[in-house]
Amino acid sequence: MWKRFRSNIGAMVGVVLLAAVILIAIFAPLIFANTPWQMVQRPFLAPFSMDSLPLGTDTLGRDVAAQLAYGARVSLLVGLVSTLVALLIGVPLGALAGFYGGYVDEGAMRFTEFFQTIPNFALAIVLVAIFEPTLASITLAIAIVSWPPVARLVRAEVMSVRKREFVDAATLAGLSKPRILVRQVLPNTVSPIIVMASLMVATAILLESSLSFLGLGDPNAMSWGYMIGAARTVIRSAWWLSFFPGIAIVITVLALNLIGEGLNDALNPHLSRKGKA
Amino acid sequence: MTILIAILSRLAKAALTLLAIAVLNFCLLHAAPGDPAVVLAGEAGAADEQMIAQLRERFGLDQPLYVQLGKYIAGIVQLDLGYSFRQSAPVIDLIAERLPATLLLTLTAFVISLTCGIALGVAAAARVGKVSDSLLTTLALLFYATPLYWLALMAVLVFSVWLGWLPGFGYETVGADFSGFARAIDILKHLILPALTLGLFFMAVYMRMTRASMLEVSTADFVKTAKAKGLSGAVIRRRHILRNAILPVVTLAGLQAGQLVGGAVLTETVFAWPGIGRLMFESLAARDYNTILGVFLVSAAMVILFNIVTDIVYRIVDPRIGARA
């Protein structure tokens, strides 16, 4: 499996890009002497004009490169944690629905459908606006709008695994139902969940950046979306202020998507190259 | 007849969903930190003491929660979405005034993304493994990873600021006073950039889906039969593969309607497009919760309507569904 993943050029490009972003995020305080909030030069300094400030300064004279590095922290953190929370909601719900069927399934799926009908970005905006933008509320809002596909996936997987012979064998061996679900069925659904999770991190990063672009970012955390939002009104005079953070988002999201596709091909070889949208 | 019953049951379900969203809105208003009356009135200073006292009385904020909920729902059923103290107007009027612009934008983007996405997906699938396929797939992957609002900003920068080809701002030329055909052309010019940037992301999604679906169907037995009959590749693709491959794409398009409406908030913000998305953005800074929740409810209603329409289209395209249901 690892071999198949490694031979996938796209996936390896994704790994390298993501590793670079992670390293920059971790070592941001070591690489940059300036914090992202500190005024270091005159405002609107163009990129590549000073060696110490390779990407120039923003509207308040702050170091754009340092802002990018610190922004990576927020993006990765929110992307990862919100995906974990979404899994914590979606996996149990989908597993119970798929395993027990009947009324449990009916109820769980109605609930899931309801959340799928609501325009998810609009719901995220409403949640963050009402509960004040903090990293916690943003993360939670993203998780709340992204768990439904997980629940549906896990439900479908559990339903198909549940009918397999080893489950009958476990039942005959006298194992209790919850134990069979947790020990026998769920471990067999892990690989599609991993694939979906890697793509969800990418979507979560896009969502977080969109929220902070609209001014719904945590005011105490520098993020890429905030940078673009703040630079929106000065796009005519300072294009680089919105250009670079956008490139950072594209690179990170692209890397995660490439990794997700690579994992998909490696874990489900019979489905390879279908590129589920 | 079955279609009629299906539509009726869908409508009943839609009404239930909207009711649930209204309840959710109510819960959110009460979950917001602070006095609900102050929350309803918007950011401090927008309403004076007297107004807040009036609000308290009107919404019965001293009564038990279920009575308040009943009043709230009754209001919504009568299309009373509350009052925006920021804009000094009923929320429903604000939304009604802005809704046409959003409908124009989202529908145009939807049609562009679906037709171009399917066409490009078919083209890529027909050339699978060749350079042009890789090029299209890579481009789709790139657009798939690009934030919508950033793409919009870059489009403004290139096509409006640098090249000066298209207006990057607003719905029509202010003060130009065009009428009839000239006005339509003017609006169309303003529509191109927002609709294209909103559509590109979804175009990438539909293209990937169409390509994958075409490749999957092309291994089916009936395609082999068609080949054995000696039909040409183009005919097989159009008549046999595409007709079957398009179904999951239509399903996905229906599911994505919500994202399209959500994306409109970002696109309208960048292009100052006077739709309900822009209204939501303006209300965010003012903490105008009534308007925010009103837009939320209306956009959910739009998505439900969209889903019903795709459902009907789906039934027409694939008669097997009616038979099964």
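Residues 272-277 of chain A have a pLDDT that stays under 50. For this stretch, the model has 13 contacts beyond four places in sequence. The structure is a predicted model, and pLDDT is the predictor's confidence in each residue.

Chain A as a whole has a mean pLDDT of 86, and 96% of its residues reach 70 or more. Among the elements of chain A, confidence is lowest in helix α1 (residues 2-6), where the mean is 77. Helix α7 (residues 135-146) of chain A stands at the other end, with the highest value, 94.

Chain B can be described by its overall build. It contains 13 helices and 2 strands. Its C-alpha atoms fill a box of roughly 80 × 55 × 40 Å, taken along the principal axes. Chain B has 325 residues, of which 41% count as buried. If one takes the contacts in chain B with a separation of 6 or more, residues 24 or more positions apart account for 70% of them.

One pair of helices in chain B shows how two such elements meet. The axes of helix α5 (residues 91-126) of chain B and helix α11 (residues 276-286) of chain B come within 7 Å and cross at roughly 130°. Angles from 65 to 115 degrees count as roughly perpendicular and those over 145 as roughly antiparallel, so α5(B) is oblique to α11(B). On the side of α5(B), the contact is made by B:L94, B:I95, B:R98, B:L99 and B:T102. On the side of α11(B), the residues are B:I276, B:G277 and B:L279. Sorted by class, the contact of α5(B) with α11(B) has 5 nonpolar, 2 polar and 1 charged residues.

Definitions and conventions:
Residues are numbered from 1 along each chain as its sequence is written. Chains are lettered from A and ligands numbered from 1 in the order in which they are written. This is a predicted model: local features need pLDDT of at least 70, side-chain atom pairs count only at pLDDT 80 or more; totals for chains, interfaces and linings use all residues. Helices (H or I, at least four residues) and strands (E, at least two) are DSSP runs, numbered from the N terminus. A residue is buried if 20 or more other C-beta atoms lie within 10 Å of its own, exposed if 12 or fewer, and partly exposed in between; C-beta atoms are placed from the backbone. Two residues are in contact if their C-beta atoms, placed from the backbone, lie within 7 Å. pLDDT is the predictor's confidence in each residue, from 0 to 100. Axes are lines fitted to C-alpha atoms, for helices over the stretch in contact, and angles run from 0 to 180 degrees between N-to-C directions. Angles under 35 degrees count as roughly parallel, over 145 as roughly antiparallel, 65 to 115 as roughly perpendicular and the rest as oblique. Ala, Val, Leu, Ile, Met, Phe, Trp, Tyr, Cys and Pro count as nonpolar, Asp, Glu, Lys and Arg as charged, and the others, Gly among them, as polar.
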